[in-house]
2 protein chains.
Amino acid sequence: MNEIFSKNYPLLISNVRVDGRDTDIFVDDTGVIAAAGPDIRKQYVHEAEFIIDGDRAIALPGLVNTHTHAAMTLLRGYADDMFLQDWLSQKIWPLEAHLTGDDVYWGTKLACLEMIKTGTTAFKDMYFFMEDATRAVDESGIRAVLAYGFIDLFNADKCENECRATERFATRIRSLNNPRIRAAVGPHAIYTVSTEGLKWCAEFALEQGISIHIHLSETEKEVNDCIAQHGKRPAAYLDGCGILTPRTVAAHCCWLDEEECTLIARRGVSVSHNPSSNMKLATSRAMPYHRLAASGANICLGTDSCASNNNLDMFEEMKTAALLQKFFWNDPTLLPAPAALAMATTNGARALGFGTGTLSVGAPADIVLVTTRTACNTPLHNASSNIVYSCNGGSVETTICNGRVLMLEREVPGEEEILAGAQRAASGLVERAEGAG
Amino acid sequence: MNEIFSKNYPLLISNVRVDGRDTDIFVDDTGVIAAAGPDIRKQYVHEAEFIIDGDRAIALPGLVNTHTHAAMTLLRGYADDMFLQDWLSQKIWPLEAHLTGDDVYWGTKLACLEMIKTGTTAFKDMYFFMEDATRAVDESGIRAVLAYGFIDLFNADKCENECRATERFATRIRSLNNPRIRAAVGPHAIYTVSTEGLKWCAEFALEQGISIHIHLSETEKEVNDCIAQHGKRPAAYLDGCGILTPRTVAAHCCWLDEEECTLIARRGVSVSHNPSSNMKLATSRAMPYHRLAASGANICLGTDSCASNNNLDMFEEMKTAALLQKFFWNDPTLLPAPAALAMATTNGARALGFGTGTLSVGAPADIVLVTTRTACNTPLHNASSNIVYSCNGGSVETTICNGRVLMLEREVPGEEEILAGAQRAASGLVERAEGAG
């Protein structure tokens, strides 16, 4: 194995393009961008143990995927083109009933590999067997905020169990003391968690100072049911439970009305837009980007799971977001390329509380290098346009997280073993589920 | 240069996955699939001059892009996120006014390179300086149906000139006698070509036995203007001009009503769906796939130009098509993965009249190999789902057109020179245009 992957080293990235200027970046061995600017390489070349030739590459902050169910990579392509309820009840849930911790480990390994290969260095996740997911993230070298998916189905005993599971997971993550990995509280959604459960989650997250992850207003049915049951729309209901905080990421948010957008922004909630998943499952309405932006909300981006997307490529997701917003809201000027890129970088980093999502001095060295020696970056009239509208994650050549090189010239150590392990786990899962069925 | 690129050879592709089965494919040196089946390699291994190891790859028919303005690769990222009219009048047209034949040559070279790298082996194009485009296509090794964009702006003198230019181009292509390259007649649209011009195009195409390419009902304005001017909707008006034929490809078709869908199908017209471009320019309505499909129309797929997409990756376009149809028409079962793949292969081949778009014996050897040693194809529950929803054009490793290997293990001869030449042409074009402005 190439030595550069083995630990943090002082790194010099020479002559890379940052905001249109040729720049050198020096990363120290604590994983921080210690210096950046044109022609500083002479100053740092002797300190650096490795020099990465950035010639003709564009440097970007590592992309941040703010809504995933990472281990569902194992379900990629298992079921598509179905109505949401049929898809869940006939395909996804029966398979998930047979999931093991080992499956989640391999699925999350595959997800982390895919993210590294497509330039994502941090993600926010909600799923089951989260200790196994944690092990995979730890080994991968990327960052994650991980939430155990809290689902009590309005049953008091189940609620109690979910509270204990959430506590155990938070304790476990705290004991790891890994700066790349944080716990979040993960109340799944208003249609799967009781009011008591939601309130407990809000209080526990506040007490622990950790973040919250929740699905919000993905479908119109969720909104209508909430109004019928609680006499108010979902955001107002969640606000009453204490769930809307500056530490909260709310995924989807397709069906927010104007008042909800204002409330979300006022509470400092981050909104994770998931355009591919929303289109594939036909939610029929796109997250109201313009209203959330006008309210000042922090709007970020997520892929959702590989069961409903079916990949974790944030480049593709930036394009789909920019295209969907224009199309649905009938305005080709909406969500221009630089704003889409900000959603996937600075806004995402802010949502997860990992650094600034910029390449500034003092920031964590989460850096990806995108080649320009490729058709998608030729010509190079406008880098942010090419990145959002033309390139995909395959144009990332180097991925660095927390100062550690995780991919160099598209090589990731252990890739073959991860692909084989994930394929084995996926095949075994389907055999067990279909054998049992 | 690797010898395999130099001419047609008898080729054996061993042990590749076709429709879920391990298959060997033998291509003879006339560019035809001479044999295909499990375990036929022993029979052909001695005849083959080259053996391509298909182990762990999926073989697909070469993808067919049915609507491009190929040379507009030079404008990739030059202007985005604008209203259609501002974008055209302030950015695109002023730049195009400075286009030279050399620019179109380099832009088309870049387009062909990008298509080869993303698994497209045939396209239908409309633009200017088409003799230069032809030269680029000829050199590239892929197939194209090329149309000179006929625009008379309702002026009789201009109409006369466009007729002569169309005749000259058709004569020129005929004289080439290249089975990979055909001429089409290219009346741009009803809002840029007079009734006389449209009728002449229809007659000329019929007389020459060549195909027609036209933009149809991209925007609502086009429909409303047509009704105001001609008292009928665009499809009926074009039918009166003789434009709707089995040799016609109509691009966009966002605003067709039910009656127009029936008419289009009855006339045997092929419809080119261009979802990314429609979303980016906010056409507000998606091509009515379900109605066209119910009418029996041949529905295919195109990227449109890199000014409005901004790439030529047909894998991405398949996904966007499947997602947009589901989302806009509110039905997650609409345009399932196998149908999206058929749009980009069999339906496209039928629209362009190049073979069958299948890997059957006797078909032209237009073959692409997609690696499965990658996250996007792991796990491999369902190949067509992975191809449409998970992979992008970067997963293509080998591209063969008309029996000739154009890319092997992602190497395309001359790639660096084409990228450099296109960048030079694009920079020169912008300098001339902005200097003049």
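This is a predicted model: local features need pLDDT of at least 70, side-chain atom pairs count only at pLDDT 80 or more; totals for chains, interfaces and linings use all residues.

Student: What is the secondary structure of chain A?

Tutor: Chain A has 16 helices and 16 strands. Its radius of gyration is 21 Å, close to the 22 Å that the globule rule gives for 437 residues, so chain A is as compact as a globular protein of that length.

Student: How many of the residues of chain A count as buried?

Tutor: 61% of the 437. Along the principal axes, the C-alpha atoms of chain A fill a box of roughly 65 × 45 × 40 Å.

Student: And which domains is chain A divided into?

Tutor: Domain 1 covers 3-61 + 357-411, and domain 2 covers 63-352. Their C-alpha centres in chain A lie 29 Å apart.

Student: How many residues are in contact between domain 1 and domain 2 of chain A?

Tutor: 21 residues of domain 1 of chain A are in contact with 28 residues of domain 2. On the domain 1 side, β5 (57-61), α15 (383-390), β15 (396-401) and β16 (404-407) of chain A each supply at least two residues. The largest share of that side, five residues, comes from α15(A).

Student: How do the residues of that domain 1 side divide?

Tutor: Into eleven nonpolar, eight polar and two charged.

Student: New topic. How many residues does the contact take from chain A and chain B?

Tutor: It takes 50 residues from chain A and 51 residues from chain B. On the chain B side, α3 (101-117), α10 (275-280), α12 (314-328), α15 (383-390) and α16 (415-436) each supply at least two.

Student: Which of them gives the largest share?

Tutor: α16(B), with six residues of the side of chain B that touches chain A. By class, that side has 24 nonpolar, 18 polar and nine charged residues.

Student: Where does A:Asn310 lie?

Tutor: In the loop between β13 (298-301) and α12 (314-328) of chain A.

Student: Is A:Asn310 buried or exposed?

Tutor: Buried, because A:Asn310 has 29 C-beta neighbours inside 10 Å, and the cut-off for buried is 20 or more.

Student: What is A:Asn310 in contact with?

Tutor: Leaving aside neighbours within four places in sequence, A:Asn310 is in contact with A:Arg76, A:Gly77, B:Ser385, B:Tyr389 and B:Ser390.

Student: What kind of peptide bond joins A:Asn309 and A:Asn310?

Tutor: A cis one, with omega about 10 degrees. In chain B, the bond from B:Asn309 to B:Asn310 is cis too, with omega near 15 degrees. B:Asn310 lies in the loop between β13 (298-301) and α12 of chain B. As background, most peptide bonds are trans.

Student: Last one. Which residues touch the most other members of the largest nonpolar core?

Tutor: Ala59, Ile264 and Ala340 of chain A, and Ala59, Ile264 and Ala340 of chain B, out of 304 residues in that core. Contacts of B:Ala59 include B:Ile13, B:Val16, B:Leu359 and B:Ile367.

Notes. Residues are numbered from 1 along each chain as its sequence is written. Chains are lettered from A and ligands numbered from 1 in the order in which they are written. Two residues are in contact if their C-beta atoms, placed from the backbone, lie within 7 Å. Helices (H or I, at least four residues) and strands (E, at least two) are DSSP runs, numbered from the N terminus. Ala, Val, Leu, Ile, Met, Phe, Trp, Tyr, Cys and Pro count as nonpolar, Asp, Glu, Lys and Arg as charged, and the others, Gly among them, as polar. Domain bounds come from an automatic or database domain assignment. The radius of gyration is taken over C-alpha atoms; the globule rule is 2.2 Å times the number of residues to the power 0.38. A residue is buried if 20 or more other C-beta atoms lie within 10 Å of its own, exposed if 12 or fewer, and partly exposed in between; C-beta atoms are placed from the backbone. A nonpolar core is a set of buried Ala, Val, Leu, Ile, Met, Phe, Trp, Tyr and Cys residues joined through C-beta atoms within 7 Å.
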